Amino acid sequence: MMASLTGKVAIVGAADTEVGFVPHLSATQLCIDAALRALEDAGISKDEVDGLITCNSMAEPILYHAEAIAEYLQIFPKYCMSVGTGGGTTFSALHHAASAIATGICDTVLITMADSLRSGLTKEQTMAMQASTGHREFELPYGPTVPAYYALIAKAHMEQYGTTPEQLARVSVTARKHAHLNQNAQMRDLITVEDVIQSRFIAEPLHLLDCSLISDGGAAVILTSAERAVHFPHHPVYILGVGEGHGHEHISQARSLTTSAAVESGQRAYKMAGLRPKDIDFAELYDCFTPTVLIELEDLGFCEKGEAGAFVESGEIELGGSLPVNTHGGLLAHCHPGNPGSMFALTEAVTQLRHQAGIRQVPRAEVALVHGQGGIMSSHTTLILGREVG
Amino acid sequence: MQGKITPKPTVETAPYWEACRNHELLIQQCSTCHHFQFYPRLMCTKCTNRKMQWKRATGHGTVKSFTIVHRAISKVYQMEAPYVVALIQLEEGPTMMSNIIKCNLQAVEIGMKVKVEFETWSESMTVPQFTPV
Ligand SMILES: [Zn+2]
């Protein structure tokens, strides 16, 4: 029987860089900036960091990225790795880091991730990067794009459950509504369902405004043991549950188009935390495209299979609803610099659980669910975080 | 089809692409458990047996999902946009990605019956496409 991680590890530092269009900082500099801000937030010196995780940058690829960042900072960790991954594995890395702390490999782990997709890559490079997803022989020749892969999922969900374009649009409208309350968000203007539906098609049924942003930016968190966490300046945010699920890489090989491995990651996280969906006060869900959020709401148990469209339409995922989702604006409105994208969901959850979110604060928020998804609904990690242990 | 992303056959997939040149769609079947699979692999994904055989598929299938791509990945693909990218479940069971061609885009729907058709891209490369039955 595996020892549970519940309540053993806490997030004691969290910070974002400036996001959106940040041409005056390179991807490496953003990564360092995020790290320094998180250290400052935690009130510790870089020399206390003995574990380091980064993600590779597309705009500024470095072969041994984490080692390069450690060298830049002049720290000498016991645990050091870079993950070249999408949204799901960002939190898989956190799962590893938490395990490393729980088993005593290290005391203090810094996870810092950043990229400059907006200002650091040409349009051609961005397109080439898109083409790196997809099976080289059995998908790419047919001209799919990343939005097209998610459009296949959206179309199947619409066919199977009667989900409408308006319901998909509502996810984006809600994200903007939340971003409107967040002065750090990249896109803060309010939009309507009409605006989404009338924006041009990228890959039917997905419109431009069903798709997430392309951004520069980075974020970092600092993890330590629960025993040490109480000595830090901010209220600790404890890891109560974590679970992963990995279904496929290529969408043509998916076991189902409309049910994802979020079912498995969610069940594993709930089991570890000893909690159920109704115990969650707010959720930060990976929202690269609008249909992603609907499937995650269902697969994570917040509504019955096929009912996420109606759930979203009824306003339940808005601030003030029963389950506020993506309170910072998410990838659709806050920012999406690629691999580091889901980190902002994590830093937002920390801000909310510290009760420091200002006008967008979820009242009395005690327990959060954060879900990362990578590839084409491929890899999933669910985190359940809480203000208190148990 | 200059400039398209052209498949580069490997040891595992060369017989598949060679058959495409002869306008035959081959899929793998396990010689032990008779499981059909796509894409081609060194082993059976059901029983892990390494003895996979090539079987000629009927070329008939059903549209599992599809999208109409408006914003394509490169200039060459953009010249053909809007075009359909679909997931097609073959009669034998496995699912493959392809395009649906020679039809009114707005008439494509999930559950639609389609049949393979071969498109020659170069002297060495012929690619399976699908068209409504
Ligand atoms: Zn077999």
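The second largest pocket has a lining of 21 residues, and A15(A), D16(A), N184(A), T351(A) and R360(A) are the ones nearest its centre. A pocket here is an open set of points on a 1 Å grid over the protein atoms alone, where a 1.4 Å probe fits, with protein on both sides within 12 Å along at least five of seven lines; lining residues have an atom within 4 Å of a point. Strand 1 (9–16), helix 1 (27–42) and helix 13 (343–353) of chain A each give two or more residues to this lining. Helix 13 of chain A has the largest share, four residues. Helices (H or I, at least four residues) and strands (E, at least two) are DSSP runs, numbered from the N terminus.

The model is predicted, and local features need pLDDT of at least 70, side-chain atom pairs pLDDT 80 or more, while totals for chains, interfaces and linings use all residues. Residues are numbered from 1 along each chain as its sequence is written, chains are lettered from A in the order in which they are written, and side-chain values use heavy atoms, without hydrogens and water.

Next comes the interface. In chain A, 31 residues are in contact with 39 residues of chain B, where contact means heavy atoms within 4.5 Å. Helix 4 (123–130), helix 5 (146–161) and strand 5 (201–204) of chain A each give two or more residues to the side that touches chain B. Helix 5 of chain A supplies the largest share of that side, seven residues. Across the interface of chain A and chain B, the rule finds zero salt bridges (a side-chain nitrogen of Lys or Arg within 4 Å of a carboxyl oxygen of Asp or Glu).
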